[in-house]
Amino acid sequence: MATSQLTASSISARNLASFEGLRPSNLKFGSPVGVSLVSHRSFRGLVVKAATTVAPKYTSIKPLGDRVLVKIKTMEEKTGGGILLPTSAQTKPQGGEVVAVGEGKTIGKTKVGISVQTGAEVVYSKYAGTEVEFNGSKHLILKDDDIVGILETEDVKDLKPLNDRVLIKVAEVEEMTPGGLLLTEASKEKPSIGMVIAVGPGTLDEEGNRKPLSISEGNTVLYSKYAGNDFKGKDGSEYIALRASDVIAILS
């Protein structure tokens with residue numbers, strides 16, 4: 001059933017307050033009061049995707065091929081200190097529980113199964129999948145390759161990357177300029193350097209065999225500035241999970 005609500009498949013939140021705070025944005029379009037004709041025309045190319053609602057007569061969803069059905073983590077309405085969050089501060093979730101998996105895919109002559117099992121807590125790419133409303137809850141149907149990793153604990157530093165993903169602990173931001181001036185939060189530039197703390201098993205070649213990554217745990221790397229999924233660990237450290245192809249260089 002179409003609605004005017006922006007869904008998790010159409011909104012991205014890059015700067016996340018905490019991993020546990022990965023929640024959906026409930027931003028809605030209001031009526032276009034006070035919008036000039038010129039401004040209104042500029043929105044004609046904007047497509048708002050609404051979640052597809054599955055009728056109650058259907059009791060199950062079976063993903064096909066290399067697709068996975070994930071129950072989206074519900075939205076936090078309060079901070080850890082109990083402060084009620086306004087709608088604009090509630091950010092899109094990028095995690096949930098796997099509730100069904102497909103049969104996998106065939107590459108060459110090799111049958112490749114799904115890399116996750118039902119019940120696993122996973123993190124997925126920000127723009128991945130098709131959102132559906134099923135049994136009163138929001139779900140996402142996405143490809144196995146869109147799953148970034150498996151959460152083995154409640155702390156993102158223990159994320160187990162899948163396929164060609166790597167987990168990096170971001171280098172700390174400089175507090176001062178070389179001249180000794182104290183930087184404000186707004187003027188601190190986000191670093192694109194960090195240390196690799198976990199790597200996935202690698203990509204699949206044309207015959208369906210795993211090809212190990214050229215990046216290893218402990219490497220200090222330079223990566224693309226706008227790549228990957230950002231998280232904050234329980235210790236306050238910043239982490240990013242991205243594809244190995246987004247790593248530009250190894251520093252030594």
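Let me begin with a question: is Lys157 buried, exposed or partly exposed? The model before you is a predicted one, and in it Lys157 has a relative accessibility of 38%, so this residue counts as partly exposed. The partner of Lys157 in a salt bridge is Asp158, with the closest N and O atoms 3.4 Å apart. Asp158 is partly exposed too, at 27% relative accessibility.

As background, side chains of opposite charge can pair when their charged atoms come close. In this model the count comes to nine salt bridges.

I turn now to a second pair. Asp145 and Arg243 form a salt bridge whose closest N and O atoms lie 2.8 Å apart. The two residues belong to distant parts of the chain, 98 residues apart. Asp145 sits in the loop between β8 (137-143) and β9 (147-151), while Arg243 is part of strand β17, residues 238-243. As for accessibility, Asp145 is partly exposed, with a relative accessible area of 31%, and Arg243 also counts as partly exposed, at 23%.

Finally, which residues are linked in a network of salt bridges? The network contains Asp145, Asp164, Arg165 and Arg243.

How values were computed. Residues numbered from 1 in each chain as written. Predicted model: local features only at pLDDT ≥ 70, side-chain atom pairs only at ≥ 80, totals over all residues. Heavy atoms only, no water. Salt bridge = Lys/Arg side-chain N within 4 Å of Asp/Glu carboxyl O. Helix = DSSP H or I, 4+ residues; strand = E, 2+ residues; numbered from the N terminus. Buried < 20%, exposed > 50% of the residue type's maximum accessible area, 1.4 Å probe, protein only.
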